[in-house]
Amino acid sequence: MILQKEPRKPRKRYLVFKLYSIGESPDFIILANYLNKYMRDFLGLHGLVDSSIKLIRYEKTTRYGVIRIVSRDVNKVLLGIIRIRKINNETVSIIPLKLTGNLNKAIKYIRRIENKP
């Protein structure tokens, strides 16, 4: 008799990113709405629900943010995020910086980057 392992529950991962834009930076609500809309178009409604993408933190002044992702869909979400080029007719580029398993580590990473000269 062969015992099969139970499938692991997907873990949450936190993606630290920096948003570069030529014009004005979008605020948190606009970015969250656009991210949900774009990822729904890219992954489909079922893929969006499975990956449970959520914008956790974004500061308009520093343009650093954190997105929560499910671990099994990290590659699909990264591909979708780096393809975003326009938000509200402003040219933007989202650059992923670090992927971590803990929100506090993601926030500490952002603070460390902001304090660099």
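Is Lys76 buried, exposed or partly exposed? Lys76 is partly exposed, at a relative accessible area of 46%; buried means under 20%, exposed over 50%, and partly exposed in between (1.4 Å probe, protein chains only). Keep in mind that this is a predicted model, where local features need pLDDT of at least 70, side-chain atom pairs count only at pLDDT 80 or more, and totals for chains, interfaces and linings use all residues. Residues are numbered from 1 along each chain as its sequence is written, and side-chain values use heavy atoms, with hydrogens and water left out.

**View 1. The whole chain has three helices and five strands.** Helices (H or I, at least four residues) and strands (E, at least two) are DSSP runs, numbered from the N terminus. Follow the sequence and you get β-α-β-β-α-β-β-α. The C-alpha trace spans about 65 × 35 × 20 Å along its principal axes. Of the chain's 117 residues, 35% count as buried.

**View 2. Here is the largest nonpolar core, with 21 residues.** A nonpolar core is a set of buried Ala, Val, Leu, Ile, Met, Phe, Trp, Tyr and Cys residues joined through side-chain atoms within 4.5 Å. Phe17, Leu19, Leu35, Leu55 and Ile67 touch the most other members.

**View 3. Asp73 and Lys76 pair up in a salt bridge.** That term means a side-chain nitrogen of Lys or Arg within 4 Å of a carboxyl oxygen of Asp or Glu. This pair sits at 3.3 Å, N to O. Asp73 counts as buried because its relative accessible area is 6%.

**View 4. Glu24 and Lys60 form another salt bridge, at 3.1 Å, N to O.** It ties together distant parts of the chain, 36 residues apart: Glu24 is in the loop between β1 and α1, and Lys60 in the loop between β2 and β3. Glu24 is exposed at 55%, while Lys60 is partly exposed at 37%.

**View 5. Lys98, Lys105, Lys108, Arg111, Arg112 and Lys116 make a positive surface patch.** Patches take residues with over 30% relative accessible area and no salt bridge, joining like charges within 9 Å and nonpolar side chains (Val, Leu, Ile, Met, Phe, Trp, Tyr) within 5 Å. Helix α3 (residues 103-114) gives the most, four residues. Lys108 is in that helix, and it counts as exposed because its relative accessibility is 54%.

Terms used
Areas by Shrake-Rupley, 256 points an atom, 1.4 Å probe, with all protein chains shown as cover. Lys, Arg positive; Asp, Glu negative; His and termini not counted. Charge placed at Lys NZ, Arg CZ, Asp CG, Glu CD.
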